[in-house]
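Dear colleague,

I am handing over the structure we spoke about, and below it you will find my notes on what turned up when I went through it.

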Amino acid sequence: MEPSRTNPAEGKTRYAVCGLSRRAIGMFVRPLLKPDGTAGRGDFADGGEIVALLDVDQARLAAFNDRERVDLPGFGPDQFDTMISETRPDAVIVTGPDGSHADYLVRALEHDLDVICEKPMVIDCEQAKAVLAAERTSRGTVRVTHNSRYREPHQVMRRMIKDGWLGRITNVEFVHNLDTYHGTSYFYRWNRYRDQSGGLTITKAVHHFDLINWLLGDVPDQVFAYGALNYYGKNGAHNPSIKDGVDYDHDEQRRRDPYYQRWHVPGGEVRDDHLSGRDALPYDVQYPPGSSLYIYDDDIEIEDTYSAVVRYRSGASMSYSLNLSAAWEGYVLAINGTEGRIETTHYTAPDRCPFPATDRQPITYLPLFGERQVHETRRLPGSHNGSDLQLRQDLFTRQGAAAPDPLGLRASSREGALAVAVGEAMWRSVRSGAPVDIAALLDA
Ligand SMILES: NC(=O)c1ccc[n+]([C@@H]2O[C@H](COP(=O)([O-])OP(=O)(O)OC[C@H]3O[C@@H](n4cnc5c(N)ncnc54)[C@H](O)[C@@H]3O)[C@@H](O)[C@H]2O)c1
């Protein structure tokens with residue numbers, strides 16, 4: 001799949017960006033704008049150019065232009081068609097809040113444009129079906145940037161499974177934790193609203209569901225889950241207002257809150273490879289001045305804890321756990337097959353672990369009837385352990401785009417939809433107490 005067309009006159013692909021998010025700036029806009037040589041960022045200005053920015057927040061666009069000393073034309077959501085006719089992009093990059101993706105995907109496809117879309121592709125299966133239908137009648141195609149596939153340990157595991165080291169996959173054990181620093185961040189940003197993010201099983205866990213779908217080369221079939229809001233929201237376990245029986249304002253809550261106190265040490269810098277807060281540009285439309293969001297607010301409506309099982313079409317199954325308030329961040333993953341097992345543990349933020357943790361992520365292969373093998377993998381420089389840089393090379397360099405894709409790293413709209421479907425099935429199962437069929441959600 002060729003992700004974008006080349007403008008023959010310029011020799012560069014022209015991109016319009018919908019949603020000048022922090023992710024958009026770091027992952028796409030600056031790398032296409034500035035050959036500044038930052039380690040792990042790369043220089044992609046030869047491969048493409050940004051020709052338009054669209055956002056609900058015009059002050060944010062203006063401040064970005066000022067800061068970067070550029071003059072990119074800015075548009076609002078109701079000016080999508082004008083933006084296309086005036087700036088003639090070859091492709092659209094969709095990077096706003098998750099709930100805004102579907103609209104721009106469909107509108108770009110209606111213009112026969114290719115789309116690069118951040119994960120999650122959309123926030124529910126109704127939106128996914130609209131995108132798949134629009135793509136069927138468009139000359140454009142959708143590429144979902146499931147960057148997690150590109151991490152080296154994941155490519156090593158995919159190769160092992162593809163080459164038959166495990167035989168037929170029988171089951172997966174997957175425990176994913178976010179720590180008290182990164183986990184909280186989802187509850188004082190837009191991600192805390194189901195209608196903007198789909199909830200944590202979508203805005204966060206599509207990374208995990210897509211990873212397993214892809215590693216197994218399988219299609220999810222049915223999901224059953226329990227889940228709850230334990231740590232955050234009004235009844236959060238550490239809410240100082242509840243503990244003290246006093247209705248504190250946000251400032252006072254933070255002063256008394258163990259999450260805030262744990263990480264906001266005066267003068268202390270917390271390193272985070274992930275999105276952990278807000279950036280320095282205005283966010284006044286998304287977060288109006290005077291408004292304040294904190295982790296114990298009453299209107300938090302999503303779960304922070306899940307235990308689930310997923311069945312795949314091959315008959316394989318997965319037990320999955322997600323916890324948004326853990327003492328360490330990362331995952332423990334094991335995949336069993338008829339010929340053996342692979343195991344790995346990943347400490348996403350070793351310097352935030354309350355114990356000595358390593359950057360290394362070896363993959364241990366245990367054949368059923370042989371010696372254990374430990375395969376070292378590299379932690380590459382750049383965001384998300386170098387996966388973002390690899391993905392950009394794949395998207396924005398001629399060599400990358402033309403290279404064969406034997407591991408199937410490039411995620412299609414159908415794959416984007418299947419990851420979202422697992423996430424939607426999971427929270428719906430929590431609500432109904434019954435298993436949810438993926439086919440019933442996606443009509444497929
Ligand atoms: N792949 C990854 O590892 C990764 C990491 C972080 C974020 N993401 C994804 O990137 C996207 C952006 O997330 P973020 O946290 O960086 O966002 P953000 O909160 O930093 O920015 C959102 C931007 O979108 C704008 N906006 C809000 N509603 C809009 C609308 N309807 N139309 C156009 N613009 C709108 C806001 O003004 C703001 O500029 C999300 O889909 C998120 O899930 C992916």
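Two strands are taken to pair if DSSP finds at least two bridges between them, and please keep in mind throughout that this is a predicted model.

With that in hand, strand β11 (residues 330-337) and strand β12 (residues 340-347) run antiparallel and are joined by 7 bridges; within this pairing, I335 has I342 in β12 as its bridge partner. Both strands belong to an open sheet of 9 strands with mixed pairing, in the order β14-β13-β12-β11-β7-β10-β9-β8-β15. The edges are taken by β14 (373-375) and β15 (436-437), and because each has a single partner strand, one side of each is left without a neighbour in the sheet.

Two helices meet this sheet. Helix α6 (residues 152-162) packs on it, touching β7 (169-179), β11, β12, β13 (363-367) and β14, with a direction that makes about 20 degrees with that of β13. Helix α16 (residues 413-432), for its part, lies across β8 (220-228), β9 (305-312), β10 (317-326) and β15, and runs at about 45 degrees to β8.

I also looked at helix α2 (residues 58-68), whose buried residues are R60, L61, F64, N65 and E68. These cover an arc of only 135 degrees around the axis, which means that they sit on the same side of α2. They pack against α1 (22-33), β2 (48-54) and β3 (74-75). At the N-terminal end, α2 is capped by D57, a side-chain oxygen of which lies 3.2 Å from the backbone nitrogen of A59, while the helix is followed by R69, with a positive phi near 55 degrees.

Definitions and conventions
Residues numbered from 1 in each chain as written. Predicted model: local features only at pLDDT ≥ 70, side-chain atom pairs only at ≥ 80, totals over all residues. Heavy atoms only, no water. Buried < 20%, exposed > 50% of the residue type's maximum accessible area, 1.4 Å probe, protein only. Helix = DSSP H or I, 4+ residues; strand = E, 2+ residues; numbered from the N terminus. Arc of directions from axis to C-beta. Contact = heavy atoms within 4.5 Å. Polar contact = N/O pair within 3.5 Å; in protein donor to acceptor, adjacent residues only side chain to side chain. Axes fitted to C-alpha atoms, helices over the stretch in contact; angles between N-to-C directions.
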